[in-house]
Amino acid sequence: MTNHWTDLQNADVILIIGSNAAANHPISFRWVLRALDAGGKLIVVDPRFSRTASQAHVYASLRSGTDIAFIGSVINYALAANRIQREYVVAYTNASFLLKPGYGFEDGLFGATAAGGGYTREHWDFQRDANGAVLTDPTLQHPDSVFQHLKRHYARYNFERVSRITGTPVEKLREVAELFTSTHRPEKSGTIMYAMGGTQSTHGTQNIRAFSVLQLLLGNIGMAGGGINALRGMPNVQGSTDHALLYHILPGYLKAPTPADDSLKAYLEHATPRTVDPLSANWWGNYPKYTVSLLKAFWGEAATAENDFAYHYLPKTSDNCSHIAMFEAMGQGQIKGLMVFGQNPAVGGPNANRGHNALDRLEWMVVSDLSETETAAFWQRPGVDRVCHAAQHPSG
């Protein structure tokens, strides 16, 4: 999420989509009510009329899974009616960047495609000057600009077509678009709140990207009362990243080293971003300072300039260790054993059949949990001749 929940009280318009915040995130809704007490407006978009919808100034129903089309109609309205914060868009987004002429959109695919089907990566880039800096058009009129591409793409999302897709009446779509895009004025701000109703679908990531496009056009990112606020169900979602529990990062969101990073110099060479844009702050150019600070925090006086600040103590990741990649490797017999702590992958993965096949290919498995889970009992199911001992909590 981009802002703290307490910041919701500063919003002039709040759009809640894919969430029943009043019932499921009542602490967040406390601050929504404060915004309403101060004169703010609430829009709720949901297939069901929920407790949250009962508090809305505008409630819009839609068919499940049609969020992208719904938000697309709001984006199209903002672009067509010039209800965008132009100064913000030019200064703080890539809308003025010029794409290569070969980039386009046809038959549902962005950019140019090769004869056999797939994307040709050489078109996925911007036009650049002799120094490598991206060419821009601050007027936003150039046909190759990101802004003009955006306008052409979203022109298809007119109210009539979107109404047929979502089932939402045209006038209701217009009412939502007019109210939320009223926050394009610099003195106004609007926020979007969402939960699992926005993310738990085959195109959940695209839902949130659509929210991002809209909020950037309106100038609502980085503003008091603005932003896109995910209503997290558990603290471990944020904690897994902030505390570097994921395989690909170190504390501070630093990249995990690979075997090719055989020295601190080599690691910093590939991990530190560089820019040729004279206007870019490139804050991550400070990456070496953050890295040395972390190494000193880890190893104390043992971390010195002479020994690369004990960089060699860091383990190196050799492959993609995400859930899907790891279970694919198990299924191919590349991983022989598995230790499971605080997870239940027999029922918690995106493809249960492939997950079960992977678990069956293992030579050994250890499960540590408070109670016997489906994973702990997996090899004890009828018809399976395997030995499996579920390690229980010491208190049990």
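# Briefing: cores, helices and ring pairs

Tyr194 and Phe211 are both buried, where buried means under 20% relative accessible area, exposed over 50% and partly exposed in between, with a 1.4 Å probe and protein chains only. This is a predicted model, in which local features need pLDDT of at least 70 and side-chain atom pairs count only at pLDDT 80 or more, while totals for chains, interfaces and linings use all residues. Residues are numbered from 1 along each chain as its sequence is written, and side-chain values use heavy atoms, with hydrogens and water left out. Helices (H or I, at least four residues) and strands (E, at least two) are DSSP runs, numbered from the N terminus.

**Nonpolar cores**

- A nonpolar core here is a set of buried Ala, Val, Leu, Ile, Met, Phe, Trp, Tyr and Cys residues joined through side-chain atoms within 4.5 Å.
- The largest such core has 41 residues, and Ile43, Phe70 and Ile71 are the ones that touch the most other members.
- Helix H3 (residues 67-80) gives the most to this core, contributing eight residues.
- A second, separate core has 19 residues, including Phe29, Leu36, Leu42 and Val44.
- As background, nonpolar side chains tend to be buried together in soluble globular proteins.
- Ile71 is in contact (heavy atoms within 4.5 Å) with Leu15, Ile17, Ala210, Phe211 and Leu214, leaving aside its neighbours within four places in sequence.

**Val162**

- Val162 belongs to helix H6 (residues 159-166), and it counts as buried because its relative accessibility is 1%.
- Leaving aside neighbours within four places in sequence, the contacts of Val162 are Ala69, Phe70, Ser73, Tyr157, Gly167 and Leu173.
- The C-alpha atoms of Val162 and Gly72 are separated by 8.1 Å, although these residues are 90 apart along the chain.

**Helix H2**

- Helix H2 (residues 26-37) has 12 residues and reaches 16 Å from its first C-alpha to its last, close to the 16 Å expected at 1.5 Å a residue; the expected span is 1.5 Å times one less than the number of residues.
- Its buried residues are Ser28, Phe29, Trp31, Val32, Ala35 and Leu36.
- Seen down the axis of H2, these buried residues fall within an arc of 155°, so they line one face of the helix; the arc is that of the directions from the helix axis to the C-beta atoms.
- Ile27 and Asp37 are exposed on the other side of H2.
- The cover over the buried residues of H2 includes strand E1 (13-17), helix H1 (21-24), strand E2 (41-45) and strand E6 (190-194).
- Gly39 follows H2 and has a positive phi, near 105°.

**Helix H9**

- H9 has 15 residues and reaches 22 Å from its first C-alpha to its last, close to the 21 Å expected at 1.5 Å a residue.
- Gly204, Asn207, Ile208, Ala210, Phe211, Leu214, Gln215, Leu217 and Leu218 are the buried residues of H9.
- Gly219 follows H9, with a positive phi near 75°.

**Aromatic rings and charges**

- The structure holds 13 aromatic pairs; rings of Phe, Tyr and Trp (its six-membered ring) pair if their centres lie within 6.5 Å, with planes under 30 degrees apart counted as stacked, over 60 as edge-to-face and the rest as tilted.
- The rings of Phe49 and Tyr59 have centres 5.2 Å apart and planes at 90°, so the pair is edge-to-face.
- Phe49 lies in the loop between E2 and strand E3 (58-60) and Tyr59 in strand E3, so this pair ties together parts that are 10 residues apart in sequence.
- Phe49 counts as exposed, at 56% relative accessibility.
- Tyr194 and Phe211 form a tilted pair, 5.8 Å centre to centre with 50° between the planes.
- Tyr194 lies in strand E6 and Phe211 in helix H9 (residues 204-218), so the pair ties together parts that are 17 residues apart in sequence.
- Ring pairs also link Tyr267, Trp284, Tyr287, Tyr290 and Tyr311 into a cluster.
- The charged end of Lys316 sits over the ring of Tyr311, 4.9 Å from its centre; this term requires NZ of Lys or CZ of Arg within 6 Å of the ring centre and within 35 degrees of the ring normal.
- The charged end of Arg381 sits over the ring of Phe378, 4.0 Å from its centre.

- Most residues other than glycine have a negative phi.
- Asn82 has a positive phi near 55° and lies in the loop between H3 and helix H4 (86-92).
- Asp308, also not a glycine, has a positive phi of about 60° and is found in the loop between helix H12 (287-299) and helix H13 (323-331).
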